[in-house]
Amino acid sequence: MIEHKQKENGFKYIEIKNEKAEAKIALQGAHVFHYKELGKPSVLWLSELAYFEEGKAIRGGIPICFPWFGKHKTDATLAQHGFARTALWTLTLEEEIESNTTHIQLQLLSDEKSKALWNYEFDVRLDVVVGSELSVTLSVHNTDSKPFEITTALHSYFNVSNIDEVLVKGLDNTSYYDALDKMEYVQKGEVIIDKEVDRVYYDVPNNIELHDGKRKVELTQSNLNSLVVWNPWIEKSKQMADMNNDAYKNMLCLETGNIGRKPLTIEANERCVYGVVLKSYIVEEG
Ligand code: BG6
């Protein structure tokens with residue numbers, strides 16, 4: 001079932017339910033803000049105080065950071081994480097592939113508004129496939145006559161039952177930039193979160209695992225080489241109006257992307273396709 005819905009203020013989203021899973025996707029930002037396999041906990045975290053308002057990013061789910069990640073390189077007045085996450089996308093395809101698999105495609109085309117911020121022509125599509133796993137694929141077509149460079153991320157917020165028990169596996173021996181002290185380090189072993197963390201890991205493998213007690217979520221990324229690990233912890237959570245003070249205990253961002261020293265160059269008339277697949281498991285005891 002695919003339903004077109006809206007909040008009281010007119011904020012539009014698509015609700016998907018099939019035999020395996022359910023999901024919600026906002027037209028603003030092509031933002032998947034809910035995904036859950038039936039009988040399992042939600043994979044994605046969504047803030048209880050998230051805004052569903054025109055022009056405001058949703059705190060939770062999978063914001064799309066495009067065409068730049070983080071602060072703009074040269075103009076601090078431009079929106080953090082680019083304009084795609086607050087732009088209105090167009091629904092281009094909706095199909096129930098099977099009774100347990102649903103496919104949605106949304107499109108963002110360059111226009112006068114985007115060109116005032118970033119002067120390039122582009123055609124970006126997001127394909128979301130909802131089933132026993134969630135697949136999110138971005139296809140960036142450079143329709144301009146000159147190359148462009150992007151930094152980008154699928155800024156996924158994961159739902160965790162207790163941040164103290166969380167382990168991120170797959171990053172052993174990868175180097176990372178710590179945005180808090182602006183230093184570079186090499187990760188040793190699994191990542192635990194026991195304080196504010198804001199890091200960009202470079203040259204990460206395609207498979208990363210998030211362990212949360214008896215649950216595991218596998219992230220399988222394609223054509224992406226960085227991973228941001230972010231948890232605002234106590235003080236930063238208090239500073240965010242769209243997040244409860246103690247919500248940091250139940251969320252962790254693992255943001256697959258091409259970030260920082262690893263921007264992507266897309267030549268004129270070329271297309272770059274990248275994405276992530278999320279699959280959750282209940283880990284057997286013993
Ligand atoms: C992360 C950044 O990707 O996003 C953090 O590494 C930032 O520094 C966080 O605080 C949230 O950003 P925003 O713009 O959604 O509040």
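Q: Which side chain places a polar atom 3.1 Å from an oxygen atom of the ligand?
A: A polar contact is read as a pair of N or O atoms within 3.5 Å. In this predicted model, a polar side-chain atom of Q80 lies 3.1 Å from an oxygen atom of the ligand, and a polar side-chain atom of H81 likewise lies 3.1 Å from a ligand oxygen. R85 also takes part, with a polar side-chain atom placed 2.9 Å from an oxygen atom of the ligand.

Q: How much of the accessible area of the ligand does the protein cover?
A: On its own the ligand has 390 Å² of accessible area, and the protein covers 78% of that.

Q: How should I look for pockets, and where does the ligand sit?
A: Rolling a probe the size of a water molecule over the atoms shows where empty space is left. In this structure the space taken by the ligand is the largest pocket, which has a volume of about 1200 Å³.

Q: What lines the largest pocket, and which element gives the most to its lining?
A: The lining of the largest pocket is made up of 37 residues, and those nearest its centre are F69, G70, K71, Q80 and H81. At least two lining residues come from each of β10 (148-150), β11 (152-159), β16 (197-202), β19 (226-231) and α2 (233-239), and β16 gives the most, with 3 residues. By class, this lining has 18 nonpolar, 9 polar and 10 charged residues.

Q: How much space lies in the second largest pocket, and which residues are closest to its centre?
A: The second largest pocket holds about 530 Å³ of space, and of the 19 residues that line this pocket, Q28, T86, A87, L88 and K113 are the closest to its centre. Two or more lining residues come from β7 (101-109) and from α1 (112-117), with α1 giving the most, 3 residues. The lining of the second largest pocket divides into 9 nonpolar, 6 polar and 4 charged residues.

Q: Turning to the backbone, which residues does a cis peptide bond join, and which residue other than glycine has a positive phi?
A: The cis peptide bond joins F66 and P67, with omega about 0°, and P67 is found in the loop between β5 (64-65) and β6 (90-98). The positive phi, near 45°, belongs to A30, a residue in the loop between β3 (21-26) and β4 (31-37).

Technical notes: Residues numbered from 1 in each chain as written. Predicted model: local features only at pLDDT ≥ 70, side-chain atom pairs only at ≥ 80, totals over all residues. Heavy atoms only, no water. Polar contact = N/O pair within 3.5 Å; in protein donor to acceptor, adjacent residues only side chain to side chain. Areas by Shrake-Rupley, 256 points an atom, 1.4 Å probe, with all protein chains shown as cover. 1 Å grid on protein atoms, 1.4 Å probe; cavity = no way out; pocket = protein on both sides within 12 Å on 5 of 7 lines; lining within 4 Å. Sits in = over half its atoms within 2 Å of the grid points. Points joined across faces, edges and corners; volume = space filled by probe spheres on them. Helix = DSSP H or I, 4+ residues; strand = E, 2+ residues; numbered from the N terminus. Nonpolar A, V, L, I, M, F, W, Y, C, P; charged D, E, K, R; others polar.
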